[in-house]
Structure formats: C-alpha cells, structure tokens
Amino acid sequence: MNARYQIYFSLLRNALWGTAEEPATIDNDILTLARQQATGTLIAEQILLRSKDSALRLTCKSVCAHSMMAQEEQRHIRQTAVKALQAGGIPPVLLKGFALARNYPKPYLRTCSDVDIYVGKENYHKGAAILRDTFPDAPRFETEEEYFRHYNLNVGSTAIEMHRVSASFSHPKDERIYDALEREALQQHFVTYKDAEDEWNEPEPKFNVLFVFIHSWEHFVTESANMRQLCDLALLLAKQNETDGLEDYLRTNLKKLHLLHAWQLYAYIMVNYLSLQKEKCPLYSEACAKKAEKLMERIVCGAKLPEQRSKTVPKNVFLRKLYTLRERIRKAGEVGSYEPHFARHMVATAFAQSWERFKKGENTRKWE
C-alpha cells in the first residue's frame with residue numbers, strides 16, 4: 001500500500017474512532033481519494049484539524065458545508081415521506097443513509113445520497129400512490145412495476161427510493177431464503193426510534209448487518225464498492241450487543257447465501273485497515289489475507305470490474321441467451337479472482353436463472 005493510501009486510512013481511523021494518528025503529509029490528493037470513496041466529509045474535517053494550507057482548508061470547508069446542507073434537506077424530505085406513509089397505515093423502515101449515519105461520532109459527516117425506505121411487496125403500490133400525492137410535482141416513475149426493486153421520486157436534489165425489497169437475488173433458492181429473513185426483520189421485528197418529534201423504524205440489528213454487507217458486495221460484483229460502505233459496516237458491528245447471537249446468525253445465513261468467504265474478505269479489511277476490534281468482528285479469519293488485500297486494492301483504486309467485451313447483443317433469441325450466459329460466466333471469472341466460492345455460485349445461478357425463464361417462456365425481459 002502506497003503512502004497516499006496509508007495517510008488516507010490513518011485519517012479515516014481518526015474520524016471513525018477518535019484516534020490521534022498524525023500522518024506526515026496531507027495534500028489535495030488525499031481529499032480527492034476520500035471523495036472517490038464517498039468519505040470526503042470525514043477526511044475533510046480531519047484535514048481542517050491538521051492542515052494550514054489555506055486553499056485546501058477552503059475546499060474542505062466547502063465539502064463539509066455542502067454535506068450538512070444536503071443532510072438538512074434530506075432530513076425534511078425523509079420526515080415528510082415517513083409521516084405520510086405512516087398516516088396511510090404503512091410502517092416504513094429506513095434503510096442505509098440516515099439509519100447508518102447515526103452510528104458515526106459526528107453523524108453529519110456521513111454523506112447520504114438518497115432516502116431509502118422499505119415498505120414491502122404488499123404495500124408497494126399503496127406506498128407509491130401515497131408518495132405521488134405527498135410530492136405531486138416531483139419527477140418520478142409513472143408506474144411501480146413489480147420487477148423494480150424500488151419506486152423512485154426526485155424531490156429537489158434528493159431521491160426517494162421506496163423499496164418493495166431491500167435486496168434482490170438471481171437464484172430462486174437465494175431469493176426464497178432472503179425473502180424469509182427480510183420479512184421477519186423488516187415487517188415483524190423492526191426497531192422503532194424516537195428523537196423529539198422525529199420517529200422512525202430501522203431494521204432488526206442482526207439483519208441490518210447482513211443487509212449492509214450484501215448491499216456493498218452487490219455493488220462490488222455489479223459496479224464497484226467504496227470505503228464508506230465498509231465504514232458503515234464496521235461502525236454497525238461496533239454497536240452490536242455481543243450476546244445477541246450475531247455470529248451464529250451470520251454463519252448460518254451467509255453459508256446459505258454462499259457469502260461466508262466474501263464476508264471474511266470484508267472482515268479482514270475492517271480489522272486491519274479500519275481498526276475494528278477483532279472481538280467485534282464475527283467470523284474474522286487471517287486465512288483470506290492475500291485475497292482480502294487484493295480486494296482492498298481494487299476498492300481504494302476505485303476500479304470497476306471489467307465491462308462486457310462486446311456491446312452488440314444478438315437479435316436471435318437463442319443466440320442472445322447464449323451471449324448473456326457467456327457474459328455472466330465471464331463476470332463470474334472476474335469475481336473469482338477475489339472470491340472463487342461465490343464465483344462458482346454465480347455460474348450455477350446463471351444456469352438456474354436461464355432454466356427458470358425458459359420454463360416460463362420468458363424469452364425477453366420486460367424492461368428490454
């Protein structure tokens with residue numbers, strides 16, 4: 001790991017845990033890296049505490065101010081949306097964003113891009129109608145199709161994502177397993193919090209750990225992950241009660257979803273780069289160090305997994321299916337250099353999904 005990354009992680013640990021590491025050199029490149037990793041405000045404040053460079057300090061102040069103004073706008077929109085859904089008989093559950101920012105020493109320094117609200121499959125259409133009535137002038141999806149993961153509205157510069165599901169899986173068995181976990185955690189055992197006149201629901205804590213990890217891993221597989229996602233997970237783990245059965249819960253369900261080894265890659269990074277205490281990090285293992293280091297390099301470099309080689313998709317149905325299957329297998333090969341166990345499952349999933357769609361006679365996806 002080069003010196004720039006060492007400085008970045010030193011400042012990041014200071015922001016997460018209040019440590020007092022003092023890197024030798026801080027310059028604009030560090031802030032650039034931090035913003036690429038969606039941790040710009042966390043690092044900007046640390047730079048303000050240490051740097052005397054007037055131009056750099058001005059940029060850092062601007063980064064922090066912009067984040068705080070955006071959070072205030074998002075707070076108002078979140079409260080309005082939640083109250084409207086509650087008045088309509090829907091118990092919305094907040095995902096990511098605000099619910100994770102609360103775990104930071106200074107919540108206003110954790111940037112939030114969207115307002116994510118889970119309502120479930122049964123309340124999906126009703127919830128969309130309520131939000132359309134609540135924000136009548138907001139650009140939005142005109143319909144809430146069943147194959148969408150969430151329904152979107154844009155209120156000012158803030159996007160509201162109203163989720164029918166919190167995560168989606170391609171393999172039918174994975175989908176059934178996760179659906180059962182999601183229903184239990186987000187519909188039966190969500191946790192309600194109050195702060196003055198503000199009231200909201202968050203996921204059941206053990207499920208929230210699983211969900212935050214799955215969300216980040218999905219980003220890595222389909223696009224690219226970032227360090228803010230690992231910071232979210234590290235702080236969430238640090239807040240967990242050690243007697244709540246989290247380790248058994250994770251071991252059982254990560255194995256079922258073929259994600260145990262992927263979790264251990266993240267665990268290694270959180271312990272060795274973000275200084276999460278080992279006793280707070282279930283299923284930590286040194287055995288995956290080499291692949292975890294490789295994954296960490298991929299994440300901090302901000303590189304995406306290679307896109308498909310050809311953009312020309314065959315028009316013939318059979319050739320198109322063959323093309324899609326080949327691209328999925330190629331993507332699995334890329335993931336396999338980091339996590340071969342999950343990559344093998346990706347290949348099995350590609351065949352299973354193709355077979356399911358063939359049996360149903362679905363030759364073209366609804367959105368194609």
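Mentor: Let us begin with leucine 322, which is found in helix H13, residues 317-336. The model is a predicted one.

Trainee: Why is leucine 322 called partly exposed?

Mentor: Its relative accessibility is 41%. Buried means under 20% and exposed means over 50%, with partly exposed in between. Leucine 322 therefore counts as partly exposed at 41%.

Trainee: How far is leucine 322 from glutamine 229?

Mentor: Their C-alpha atoms are separated by 34 Å, and the two residues lie 93 residues apart along the chain.

Trainee: Which residues of helix H6 are buried?

Mentor: In helix H6, residues 124-134, the buried residues are Tyr124, Gly127, Ala128, Ile130, Leu131 and Arg132. The term buried requires a relative accessible area under 20%.

Trainee: What do the buried residues of H6 pack against?

Mentor: They pack against helix H4 (54-87), strand S3 (150-155) and S4. A contact here means heavy atoms within 4.5 Å.

Trainee: Why does the radius of gyration of the protein agree with that of a compact globule?

Mentor: For 368 residues, a compact globule would have a radius of gyration near 21 Å, and the protein has 21 Å, so the two agree. The C-alpha atoms fill a box of roughly 65 × 50 × 45 Å along the principal axes. Of the 368 residues, 52% count as buried.

Trainee: What share of the contacts with a separation of 6 or more joins residues 24 or more positions apart?

Mentor: Such pairs account for 65% of those contacts. In secondary structure, the protein has 14 helices and 6 strands.

Trainee: Which residues lie nearest the centre of the second largest pocket?

Mentor: Lys96, Asp114, Glu161, His215 and His219 lie nearest its centre, out of 23 lining residues. The volume of this pocket is about 480 Å³.

Trainee: Which element supplies the largest share of the lining of the second largest pocket?

Mentor: Helix H8 does, with 6 residues. Elements that each supply at least two lining residues include helix H5 (97-101), strand S2 (114-118), strand S4 (158-163) and helix H9 (227-238).

Trainee: How is the lining of the second largest pocket divided by class?

Mentor: It has 3 nonpolar, 10 polar and 10 charged residues. Asp, Glu, Lys and Arg count as charged. Lys96, Asp114 and Glu161, among the residues nearest the centre, therefore belong to the charged class.

Note on methods:
Residues numbered from 1 in each chain as written. Predicted model: local features only at pLDDT ≥ 70, side-chain atom pairs only at ≥ 80, totals over all residues. Heavy atoms only, no water. 1 Å grid on protein atoms, 1.4 Å probe; cavity = no way out; pocket = protein on both sides within 12 Å on 5 of 7 lines; lining within 4 Å. Points joined across faces, edges and corners; volume = space filled by probe spheres on them. Helix = DSSP H or I, 4+ residues; strand = E, 2+ residues; numbered from the N terminus. Rg over C-alpha atoms; globule rule 2.2 N^0.38 Å. Buried < 20%, exposed > 50% of the residue type's maximum accessible area, 1.4 Å probe, protein only.
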